[in-house]
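Visitor: I have a model open and would like to learn how to read it. Could you walk me through it, feature by feature?

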Amino acid sequence: YRLYFHPLAHIPGPPLAKVTYLYEWYYDLYQSGQFTFQLRALHRPVIRINPDEVHIDDPDFFDQVFNQTNGRAEKPPRVAEAFGPYPATIGTQSHDLHRLRRSALNPFFSKKSVTDLVPVMWRPIEILRERLQHAAQTGETLNMKYFFAAVTLDIINAYCFAHEPHNVRQPDFGRKGFDDVDSFLEISLLNIHIPWAMRFTYSLPDLSRQVEAIRNGENTAHEKASHRTVFHELLDSKLPPEELQKNRLRDEAFSLQFPSLAVLEQLPYLTAVIQEGLRLSDPVTHRIGRQFPDRSFECRGVFIPTNTSVSMTAMLTHLNEEIFPEPRIFRPERWLGPESKRLERYLVPFNRGTRSCLGMNLARAELVLILAAVFRQFNFDVSAVRRDRDIDVSRDYILGAQARDTPGILVTVEAC
Ligand code: HEM
């Protein structure tokens with residue numbers, strides 16, 4: 001049936017992939033996060049990658065698929081379920097429920113809210129600068145993997161819970177917590193392929209405690225904070241009671257923890273470095289899928305019926321040789337020439353449309369502020385860093401992972 005009579009039977013693809021998920025499982029589970037790289041090797045613009053899903057590798061189609069005018073945009077159940085049994089906004093399948101949840105969060109992450117947040121962001125960044133000064137004097141080796149993770153986590157914790165900077169003060173930048181997230185990511189593909197396995201492994205007790213401390217009135221830090229805090233305001237909001245349920249808010253908190261502003265944002269070379277960094281580092285390596293109940297598509301002459309699970313992969317667009325010649329080379333100058341406006345259409349690390357990244361303004365502001373604070377005053381000796389092992393993504397665990405034997409990004413520092 002799947003090969004000859006299924007509504008997607010006319011779409012080309014490896015025969016094994018058309019009839020069974022084993023093809024995808026082999027690359028993702030047996031070969032450990034390699035399916036995305038296999039999609040690149042297959043080099044086909046429209047392809048059926050499992051019995052129920054069509055993948056598109058055509059950079060010009062990105063806007064069309066994730067366009068706001070496509071009507072309802074649902075998250076395919078397989079993907080939504082991977083985010084756990086009490087889904088945060090990111091794991092919400094239904095279009096309408098997603099809209100409700102997203103509209104409660106949007107005001108906290110607008111450009112204006114993020115600009116107001118700059119003083120909060122500066123506090124952990126200042127502590128990092130002091131750490132760099134100290135390392136320049138002592139010759140201490142720093143692990144930049146945890147350095148950057150610490151500052152972004154401290155910023156979001158200040159914003160969500162009015163917490164004081166914590167990780168940037170730890171000698172190892174709170175490494176254990178980030179290694180735990182890495183271990184969680186290693187099993188993320190298992191959660192997509194075998195969602196019921198998630199129910200046995202899933203627990204985020206610390207975040208539950210933090211949300212409940214606000215609800216019970218034990219955490220009143222926001223009264224002293226000079227900025228708004230996300231969870232104090234959400235709990236006071238008009239969201240229906242089921243949306244304020246303990247486990248749902250805990251998961252919302254987990255999804256937010258990931259990693260003068262106006263003047264810095266105008267600096268062309270700094271902006272170009274950030275654009276090129278986002279293109280090459282590709283934090284989200286996994287394909288992003290949608291189902292559109294209200295419309296069908298046609299891509300390169302191939303008809304894709306309504307409600308099909310359609311996915312695209314930003315990394316394949318970012319490594320497309322026709323758009324970004326010599327795509328593996330870090331070349332900020334690409335973003336400075338007359339072509340740069342056209343190229344921006346193809347820079348999609350945060351995705352596009354109604355379900356694109358909520359934290360995009362915050363992430364960009366953090367990148368600008370941290371790079372400006374760190375790289376203007378210090379030189380980094382990166383001779384111990386191996387790009388293929390420590391920087392380049394070689395496994396896709398929804399987020400990109402580096403080689404298994406990477407020690408992180410070990411550098412020494414000297415003041416300029
Ligand atoms: C460089 C940093 C970041 C990148 C590349 C990134 C990328 C993405 C991408 C590609 C999506 C879309 C997923 C989809 O379409 O299904 C997404 C969603 C999301 N991101 Fe980010 N993100 C970054 C930083 C952040 C930060 C700092 C936050 C913290 C607030 C954040 C919060 C979210 C949330 C809550 C969603 C779900 C949005 C929704 O489903 O409506 N992200 N992110």
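**Reading the fold**

Guide: Start with the secondary structure: the chain has 21 helices and eleven strands. Helices (H or I, at least four residues) and strands (E, at least two) are DSSP runs, numbered from the N terminus. Bear in mind that this is a predicted model, where local features need pLDDT of at least 70, side-chain atom pairs count only at pLDDT 80 or more, and totals for chains, interfaces and linings use all residues. Residues are numbered from 1 along each chain as its sequence is written.

Visitor: What radius of gyration does the chain have, against a compact globule of 416 residues?

Guide: The radius is taken over C-alpha atoms, and the globule rule is 2.2 Å times the number of residues to the power 0.38. A compact globule would come out near 22 Å, and the chain has 22 Å, so the two agree. The C-alpha trace spans about 70 × 50 × 40 Å along its principal axes.

Visitor: How many residues are in the largest nonpolar core?

Guide: First, burial: a residue is buried if 20 or more other C-beta atoms lie within 10 Å of its own, exposed if 12 or fewer, and partly exposed in between, with C-beta atoms placed from the backbone. A nonpolar core is a set of buried Ala, Val, Leu, Ile, Met, Phe, Trp, Tyr and Cys residues joined through C-beta atoms within 7 Å. Here the largest has 43 residues, and those with the most contacts inside it include Ala150, Ile155 and Phe231. Among the elements giving two or more residues to this core are helix H8 (118-138), helix H9 (144-161) and helix H20 (360-375). H9 gives the most, with twelve residues. Apart from this core lies another, of 23 residues, Tyr23 and Phe66 among them.

Visitor: Which elements do the buried residues of H20 pack against?

Guide: Contact here means C-beta atoms, placed from the backbone, within 7 Å. The buried residues of H20 include Leu362, Ala363, Arg364 and Glu366. They pack against helix H7 (111-116), H8, H9, helix H16 (261-265) and helix H17 (268-281). For H8, the buried residues include Val120, Met121 and Leu132, and their cover includes H9, H20, strand S8 (378-381) and strand S11 (410-415).

Visitor: And how do I check the span of a helix?

Guide: The expected span is 1.5 Å times one less than its number of residues. H8, with 21 residues, reaches 30 Å from its first C-alpha to its last, close to the 30 Å expected.

Visitor: Which residues come nearest to the ligand?

Guide: A residue is near a molecule if its C-beta atom, placed from the backbone, lies within 6 Å of it. Of the 22 residues around the ligand, Ile90, Cys357, Leu358, Gly359 and Ala363 come nearest. The shell divides into 15 nonpolar, five polar and two charged residues; Ala, Val, Leu, Ile, Met, Phe, Trp, Tyr, Cys and Pro count as nonpolar, Asp, Glu, Lys and Arg as charged, and the others, Gly among them, as polar.

Visitor: What should I look for in the backbone angles?

Guide: Most residues other than glycine have a negative phi. Phe173, though, has a positive phi near 60°, and sits in the loop between H9 and helix H10 (175-186). Phe173 counts as buried because there are 25 C-beta neighbours inside 10 Å. Ile398, with phi near 70°, lies in the loop between strand S9 (395-397) and strand S10 (399-401). Ile398 is buried too, with 21 other C-beta atoms within 10 Å.

How values were computed:
Two residues are in contact if their C-beta atoms, placed from the backbone, lie within 7 Å.
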